[in-house]
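This report concerns side-chain contacts between charged groups and between aromatic rings.

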Amino acid sequence: MRWKAGVVLLALGAPALALAVSPGGSLYVKAKNTRVMKSPSPTADAVVVLQPGQQVVWNGAEPSNKQWHKVTAPGGKQGFVFQTNLSTTPPRMELVAKDGNARQVDPAAFVASGAAVKALSPGAEQYSKEKGGDYAQSAEQLKQLEKLARDIKPAAIARHVTDAELFPVVGGSEVAGASGSSAAKKKGGAR
């Protein structure tokens with residue numbers, strides 16, 4: 001009788017993922033820009049950044065903090081991921097278009113397109129119109145910001161990086177300032 005109670009307590013205290021997969025098994029990333037950290041801490045350095053649908057090998061929960069899970073990412077890099085960013089099943093990789101047809105989506109391309117982070121969905125826009133007042137005003141401001149973001153081109157960003165003497169961190173030298181520019185040298189050299 002005592003042994004059964006101990007098993008129940010152990011099962012209740014174990015992370016949900018540990019119950020669904022054994023070490024060496026596969027889990028899937030479910031959150032955009034999931035960082036695999038060097039240590040089980042949100043302030044640790046990131047080893048690699050993963051996107052929804054990418055598969056990792058689960059190596060177990062961190063004994064001192066069961067919310068962090070040790071994983072091996074594609075390419076063999078190891079680190080820790082927060083439990084809520086992982087799933088035992090792959091996310092659905094499809095979108096439903098206006099015509100009602102579902103289409104497969106490449107998660108990396110979807111995230112890179114900016115569609116995954118669009119501020120206002122058509123439903124949210126309609127809701128704000130119906131609510132009126134501050135809701136409508138906020139929705140209009142978001143629409144203006146989205147238009148501004150669409151109108152800014154990589155060359156304009158590169159010019160700003162150079163003019164503001166920022167370290168070029170976006171894209172290659174043709175996008176974010178010449179790697180040998182004086183701005184890059186002042187901020188620590190080119191990468």
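Is Glu125 buried, partly exposed or exposed? At 22% relative accessibility, Glu125 counts as partly exposed, where buried means under 20% relative accessible area, exposed over 50%, and partly exposed in between (1.4 Å probe, protein chains only). The model is predicted: local features need pLDDT of at least 70, side-chain atom pairs count only at pLDDT 80 or more, and totals for chains, interfaces and linings use all residues. Residues are numbered from 1 along each chain as its sequence is written, and side-chain values use heavy atoms, with hydrogens and water left out.

Three salt bridges are present, each defined as a side-chain nitrogen of Lys or Arg within 4 Å of a carboxyl oxygen of Asp or Glu.

| Salt bridge | N to O distance |
|---|---|
| Glu125 and Lys143 | 3.0 Å |
| Glu140 and Lys143 | 3.8 Å |
| Asp151 and Lys147 | 2.7 Å |

Glu125 lies in helix α4 (residues 122-131) and Lys143 in helix α5 (residues 133-151), so their bridge ties together parts 18 residues apart in sequence. Helices are DSSP runs (H or I, at least four residues), as are strands (E, at least two), numbered from the N terminus. Glu140 and Lys143 are both in helix α5, three residues apart, and Glu125, Glu140 and Lys143 are linked in a network of salt bridges.

There are also two aromatic pairs; rings of Phe, Tyr and Trp (its six-membered ring) pair if their centres lie within 6.5 Å, with planes under 30 degrees apart counted as stacked, over 60 as edge-to-face and the rest as tilted. Trp68 and Phe82 are edge-to-face, 5.3 Å centre to centre with 75 degrees between the planes. Trp68 is buried at 7% relative accessible area, whereas Phe82 is partly exposed at 26%.
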